[in-house]
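Confidence and overall fold come after that.

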Amino acid sequence: MSENEKIEKATTDEELTTAPSKPAKAQKDKKDDKKSKPGIFQRIGRWFREMRSELKKVVWPSGKQTVNNTVTVIVCVIVVGACIWIFDGLAGAIVRALLALAGKA
């Protein structure tokens, strides 16, 4: 018997031997639902408590690390800006040269 046939037979055997499922639970009254669901202010308060506990877990950088990271980002932005400026100038010069060649031809 192949592996697939064994699996199919096992699932059909399980379906035959399992007891029928219990009927669905009776519907709760709407009042019971409202009592079990926390109010909007309780949910907001719980959200703030959880956020505060998560923020306590964060390792905040020192002032020196913050300044170092900021300077690094500014230097990278300047370098990338300069590369883009140079590329733009070269691309413009190439386009002008091609237009000049096309105009003379």
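**Positive patch.** I first looked up the charged surface and found a positive patch formed by K37, R43, R46, R49, R52 and K56. A patch here takes residues with over 30% relative accessible area and no salt bridge, joining like charges within 9 Å and nonpolar side chains (Val, Leu, Ile, Met, Phe, Trp, Tyr) within 5 Å. Lys and Arg count as positive and Asp and Glu as negative, with His and the chain ends not counted, and I took the place of each charge as NZ of Lys, CZ of Arg, CG of Asp or CD of Glu. Of these residues I checked R43, which lies in helix 3 (residues 40-57) and is partly exposed at a relative accessible area of 34%. My classes are buried under 20%, exposed over 50% and partly exposed in between, with a 1.4 Å probe and protein chains only.

**Basis.** The model is predicted, so I note that local features need pLDDT of at least 70 and side-chain atom pairs pLDDT 80 or more, whereas totals for chains, interfaces and linings use all residues. Residues are numbered from 1 along each chain as its sequence is written, and side-chain values use heavy atoms, leaving out hydrogens and water.

**Nonpolar patch.** I then found a nonpolar surface patch of about 990 Å², made by I40, F41, I44, W47, F48, M51, L55, V58 and W60. Among them, M51 is placed in helix 3 and is partly exposed, its relative accessible area being 34%.

**Salt bridge.** Which side chains meet in a salt bridge? I found one salt bridge in the structure, where the side chains of E54 and K57 meet at 3.1 Å, N to O; the term requires a side-chain nitrogen of Lys or Arg within 4 Å of a carboxyl oxygen of Asp or Glu. E54 is partly exposed at 46% relative accessibility, while K57 is exposed at 59%.

**Fold and confidence.** I recorded four helices and zero strands for the protein chain, helices being DSSP runs of H or I of at least four residues and strands runs of E of at least two, numbered from the N terminus. Buried residues make up 0% of the 105 residues. The mean pLDDT (the predictor's confidence in each residue, from 0 to 100) is 82 for the chain, and 66% of the residues score at least 70.

Technical notes:
Areas by Shrake-Rupley, 256 points an atom, 1.4 Å probe, with all protein chains shown as cover.
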